[in-house]
Amino acid sequence: RERVAEIVKAIPEKARGIFDNFRPTAEPPRERDMFASFRPAPRLPDPERSDQLARSQKNLQRTMDQLNKSEVDRIARSLLSARKVWVVGFRSSQSFASYFRWQIFQTKEDIYVVPNAGDTLAQYTASMTPPDVVVVFGLRRRPAGLREVVAQIVKTGARVLYITDDQ
């Protein structure tokens with residue numbers, strides 16, 4: 001310990017004078033607003049974007065018009081009272097399933113997106129029971145066997161909510 005203390009005390013003495021003749025070789029950087037180049041230029045209304053927004057609003061309104069308040073309340077009660085909520089999504093539906101799970105997880109802990117990478121849905125179907133709710137997303141590019149998958153889930157006795165973009 002004494003030797004370490006001697007070395008530590010000697011460091012400032014040894015380092016003294018090393019930088020005495022140091023002179024910077026470049027000018028210091030100028031102060032500037034680093035976000036100046038990221039400010040978007042003012043835009044004029046774009047008719048194409050306006051049309052897209054109008055179509056999106058129309059689609060949302062049409063969806064809302066199709067929803068029945070008592071049916072939505074019944075679905076919410078089922079989700080909240082379920083032992084577990086299983087959320088199924090394949091292909092492009094997987095991202096919707098994950099987002100749905102994230103939203104519902106705010107109020108319900110036992111919620112799972114299945115299948116996980118490398119798993120089969122059958123591994124999870126064996127654990128589904130009548131007090132459970134299974135939310136199946138069947139959006140565009142559904143796998144060919146999705147109808148059979150839903151039929152197997154129905155056989156477990158779990159309540160099934162099928163969300164699709166079909167008319």
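Colleague: What should I keep in mind about the model and its numbering?

Modeller: This is a predicted model, in which local features need pLDDT of at least 70, side-chain atom pairs count only at pLDDT 80 or more, and totals for chains, interfaces and linings use all residues. Residues are numbered from 1 along each chain as its sequence is written, and side-chain values use heavy atoms, with hydrogens and water left out.

Colleague: What makes up the secondary structure of the chain?

Modeller: There are six helices and four strands, in the order α-α-α-β-α-β-α-β-α-β from the N terminus. Helices (H or I, at least four residues) and strands (E, at least two) are DSSP runs, numbered from the N terminus.

Colleague: Why is V136 called buried?

Modeller: Buried means under 20% relative accessible area, exposed over 50%, and partly exposed in between (1.4 Å probe, protein chains only). V136 has a relative accessible area of 0%, so it is buried. V136 sits in strand β3 (residues 133–138), and its C-alpha atom is 8.3 Å from that of W86, 50 residues apart along the chain. Buried residues make up 20% of the 167 residues in the chain.

Colleague: And why does M64 count as exposed?

Modeller: M64 counts as exposed because its relative accessibility is 54%. M64 belongs to helix α2 (residues 47–66).

Colleague: What makes M64, L67 and V72 a nonpolar patch?

Modeller: Patches are made of residues with over 30% relative accessible area and no salt bridge; like charges are joined within 9 Å, and nonpolar side chains (Val, Leu, Ile, Met, Phe, Trp, Tyr) within 5 Å. M64, L67 and V72 form such a patch on the surface, with about 280 Å² of accessible area together. Accessible areas come from the Shrake-Rupley method with a 1.4 Å probe, and for residues only the protein chains shown count as cover.

Colleague: How do you know that D165 and R140 form a salt bridge?

Modeller: A salt bridge is a side-chain nitrogen of Lys or Arg within 4 Å of a carboxyl oxygen of Asp or Glu. For D165 and R140 the N to O distance is 3.0 Å, and the side chains meet in a salt bridge. D165 lies in the segment after β4 and R140 in the loop between β3 and α6 (146–155), so the pair ties together parts that are 25 residues apart in sequence. R142 and D165 also meet in a salt bridge, at 3.5 Å from N to O. Salt bridges that share partners join R140, R142 and D165 into one network.

Colleague: What separates D73 and K69 in helix α3?

Modeller: About one helical turn, because D73 and K69 are four residues apart in helix α3. D73 and K69 form a salt bridge, with the closest N and O atoms 2.9 Å apart.

Colleague: Which residues line the second largest pocket?

Modeller: Among them are S92, F96, Y99, R140 and D165. On a 1 Å grid over the protein atoms alone, a pocket is an open set of points where a 1.4 Å probe fits, with protein on both sides within 12 Å along at least five of seven lines; lining residues have an atom within 4 Å of a point. The second largest pocket has a volume of about 380 Å³, and α4 gives the most to its lining, with five residues.

Key: Points joined across faces, edges and corners; volume = space filled by probe spheres on them.
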